[in-house]
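Please open the structure in a viewer and keep the selection panel at hand.

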Amino acid sequence: MASSTASGQAPGASARIEDLVQEVQRLRAEKEQLQRAVTSHAVVDQAIGVLLTMGTISPDDGFSVLREISQHTNTKLSSIAEQIVKQAQGVALPETVLTQLQAALARRR
């Protein structure tokens with residue numbers, strides 16, 4: 001007869017269970033990260049579309065503009081993208097973002 005622990009589990013079973021629990025936790029965290037990335041990517045794409053119509057620039061330049069504004073204002077790129085999409089819907093941009101946007105677009109004309 002196989003030996004078992006007091007809980008009725010085979011030796012090493014609790015270690016395997018702990019490994020599985022850790023793997024499930026890791027996979028859940030990865031899934032959440034991927035969901036945020038997909039959402040962020042969609043907003044960035046929308047903001048690039050807004051910039052294309054504002055500045056008659058290429059999609060690559062649109063992303064570069066977002067990146068520049070993000071770096072110069074020390075703000076996450078996804079947050080800048082959200083602000084630009086909201087601006088297209090009538091919400092005013094913060095003055096620092098607006099200034100950086102105008103400068104970045106001017107450099108590409």
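Which residue does the side chain of R108 meet in a salt bridge at 3.8 Å, N to O? Select R108 and D61: the side chains of these two residues form that salt bridge. The model is a predicted one, and every stop should be read accordingly.

**First stop: the charged network**

With R108 and D61 selected, trace the chain between them. R108 lies in the segment after α4, whereas D61 belongs to helix α2, and the pair, 47 residues apart, links distant parts of the chain. R108 is partly exposed, with a relative accessible area of 23%. D61 is also partly exposed, at 27%.

A salt bridge joins R107 to E68, with the closest N and O atoms 2.6 Å apart. Here helix α4, which holds R107, is linked to helix α2, which holds E68, across 39 residues. R107 is partly exposed, with a relative accessible area of 48%.

Is E68 buried or exposed? E68 has a relative accessible area of 15% and is therefore buried, as the cut-off for this class is under 20%. Leaving aside neighbours within four places in sequence, E68 is in contact with A104, R107 and R108. Display D61, E68, R107 and R108 together: salt bridges that share partners join these four residues into one network. The structure as a whole holds 5 salt bridges.

**Second stop: helices α1 and α2**

Two packed helices are described by the angle between their axes and the distance between the axes. Select residues 13–55 for helix α1 and residues 59–73 for helix α2; their axes come within 9 Å and cross at roughly 110°. The two helices are therefore roughly perpendicular, since angles of 65 to 115 degrees fall in that class. To see the contact itself, show V44, A47, I48, L51 and L52 on α1, then P59, G62, F63, V65 and L66 on α2. By class, this contact comprises 9 nonpolar residues, 1 polar residue and no charged ones.

Centre the view on L101. Apart from neighbours within four places in sequence, L101 is in contact with L51, M54, V65, I69 and L93.

**Last stop: N74**

Finally, move to the loop between α2 and α3 (77–88), where N74 is located. Most residues other than glycine have a negative phi. N74 is not a glycine, yet its phi is positive, at about 55°. Is N74 buried or exposed? Its relative accessibility is 74%, so N74 counts as exposed, the cut-off being over 50%.

Methods:
Residues are numbered from 1 along each chain as its sequence is written. This is a predicted model: local features need pLDDT of at least 70, side-chain atom pairs count only at pLDDT 80 or more; totals for chains, interfaces and linings use all residues. Side-chain values use heavy atoms; hydrogens and water are left out. Axes are lines fitted to C-alpha atoms, for helices over the stretch in contact, and angles run from 0 to 180 degrees between N-to-C directions. Helices (H or I, at least four residues) and strands (E, at least two) are DSSP runs, numbered from the N terminus. Angles under 35 degrees count as roughly parallel, over 145 as roughly antiparallel, 65 to 115 as roughly perpendicular and the rest as oblique. Contact means heavy atoms within 4.5 Å. Ala, Val, Leu, Ile, Met, Phe, Trp, Tyr, Cys and Pro count as nonpolar, Asp, Glu, Lys and Arg as charged, and the others, Gly among them, as polar. Buried means under 20% relative accessible area, exposed over 50%, partly exposed in between (1.4 Å probe, protein chains only).
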